[in-house]
Amino acid sequence: MSVSASAIDAMTALDAGSPDFDSRLQALLDWSEVSDSALEHQVAAIIAAVRDLGDTALLDYSRHFDGAQADSVAGLEISGDALQAALQSLDTDLRAALELAAGRIRDYHERQLAQAPSWSYRDAGGNELGQRVRPITRAGLYVPGGKAAYPSSVLMTAIPARVAGVEELIMVSPAPDGTPNPAVLAAAAIAGVDRVFVIGGAQAIAALAFGTETIPRVDKIVGPGNKYVAEAKRQVFGRVGLDMIAGPSEVLIIADDSANPEWLAADLFSQAEHDENAQALLVSDSAALIGATRAAMARLLDGMPRADIIAASIASRGATIVCNDLAAAVAISNRVAPEHLQLAVADPDALLDDIGSAGAIFCGHYCPEAVGDYAAGPSHVLPTAGTARFSSPLGVYDFQTRSSLLRVGAAAQDIGNATTTIARSERLAAHALSAALRWPDKGDGDA
């Protein structure tokens, strides 16, 4: 048996009708990599050092973890001229692709902006109530750069922030050999990032959260990273805003017998090649389609440059699931609440109304998850590990704050009386007095 066939044979095969299905599915979904106590303590020490010592600690950690050669943190900043030079030197086709993607991402998020304006109204008593929507002042963008370079992540984080009206974008991205990837720098130029620093890991998150002599403190940090970055984000939350604490990437594909098995194999691989902990699930009412897809995976795997990573991901966390019908497939998806949900079916619209939680939904055979990663338009920063049940894709709204607006007048006796009454019931005398002095109840100004 070939290595590829062996790897695909190791991929879990589930039947939704089996008595042990629920427990086996839950075991497959359980994700608890972060945080062991050693990791927590190590990250806490890094954060404390950067908080207390600023640039000194940040430079030491950058030298230790990333091999930085600079004499100062300022030496780790990439100039605007260098960003433009990287853009000008970029391969013509890659530049055109990045600019097309940037235009589509900008167009999509401008529509979000138009749908979230400030608003107000006046009630029957003439009191004004409403909401003010304003952009945050400064955002920190974390762009992974350890194992690979991700210019797409620059576009997917920076452009929604810029559309929202954020005044300043500070980007951090590690470069283990000290040389930033030109495509990442070019993407920063295209997206309008203000400052770029070649730093990464927990120390970069700490610098953004607390500020140093060189790196300004930000209001919110967005973007994915490794377990050290995730743990650092968890520890600084509250001191700074976060988009989410992301786990490994995942896709769930619902497919019927109209789907192309070879396309499905490639779609599953596109998720599995991220890392060994990524998750790729295929759910179908057709056992024949599942069999054909597994056969296609076995044929294609050896030709993939990241075959070892794909094989490890598929064997440990991947699965094919056969079920009675597409309604059952949708129920499974709703339980998983996947980061990416592909509807590789003849009529995706027939399923949409029943779809509950999913980070992004890809409809039809010509809409693989890969187009969402790069060029379709919505941000690819999405909730993972079932958190789509209560959180949403990164968007313009993540870079805005909302303030309630109140303008209550002297004639608002009913509001005043209600305030006094409720405050007294809660035994908060100063609250009651504050209202009663303005709107005396039956001529009585006492609280």
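Let's start in the loop between helix H14 (326–336) and strand S13 (340–344), where alanine 337 sits. Helices here are DSSP runs of H or I with at least four residues, strands are runs of E with at least two, and both are numbered from the N terminus. Alanine 337 has a positive phi of about 50°, although this residue is not a glycine. As background, most residues other than glycine have a negative phi. Is alanine 337 buried or exposed? It is buried, with a relative accessible area of 0%. By buried I mean under 20% relative accessible area, with exposed over 50% and partly exposed in between, using a 1.4 Å probe and protein chains only.

A quick word on the model. It is a predicted one: local features need pLDDT of at least 70, side-chain atom pairs count only at pLDDT 80 or more, and totals for chains, interfaces and linings use all residues. Residues are numbered from 1 along each chain as its sequence is written, and side-chain values use heavy atoms, leaving out hydrogens and water.

Back to phi, then. Alanine 385 also has a positive value, about 55°, and is not a glycine. You'll find alanine 385 in the loop between helix H16 (369–374) and strand S15 (400–407). Alanine 385 is partly exposed, at a relative accessible area of 47%.

Now let's zoom out. The protein chain has 18 helices and 15 strands, and its C-alpha atoms fill a box of roughly 90 × 60 × 45 Å along the principal axes. Of the 447 residues, 48% are buried. If you take contacts (heavy atoms within 4.5 Å) between residues at least 6 apart in sequence, 73% join residues at least 24 apart.

On to the inside. A nonpolar core here is a set of buried Ala, Val, Leu, Ile, Met, Phe, Trp, Tyr and Cys residues joined through side-chain atoms within 4.5 Å. The largest one has 43 residues, and those touching the most other members are Val154, Leu155, Leu169, Met171, Val193, Val196 and Phe399. Among the elements giving two or more residues to this core are helix H6 (92–114), helix H7 (151–164) and helix H8 (182–191). Which element gives the most? That is H8, with 9 residues.

Why is H8 largely enclosed by the rest of the structure? Because 9 of its 10 residues are buried. Those buried residues include Val184, Leu185 and Ile190, and they pack against strand S2 (77–78), H5, H6, H7, S6 and strand S7 (195–197).

Phenylalanine 399 deserves a look of its own. Setting aside neighbours within four places in sequence, its contacts include Arg134, Pro135, Ile136, Thr157, Val222 and Leu394. There is also a second, separate core of 35 residues, including Ile47, Ala70, Ile170 and Phe210.

Last stop, the cysteines. How many disulfides does a search of the whole structure find? The count is 0, taking a disulfide as a pair of cysteine sulfur atoms within 2.5 Å. For cysteine 323, the nearest cysteine sulfur belongs to cysteine 363, 18 Å away. Cysteine 323 is buried, with a relative accessible area of 5%, whereas cysteine 363 is partly exposed, at 33%.
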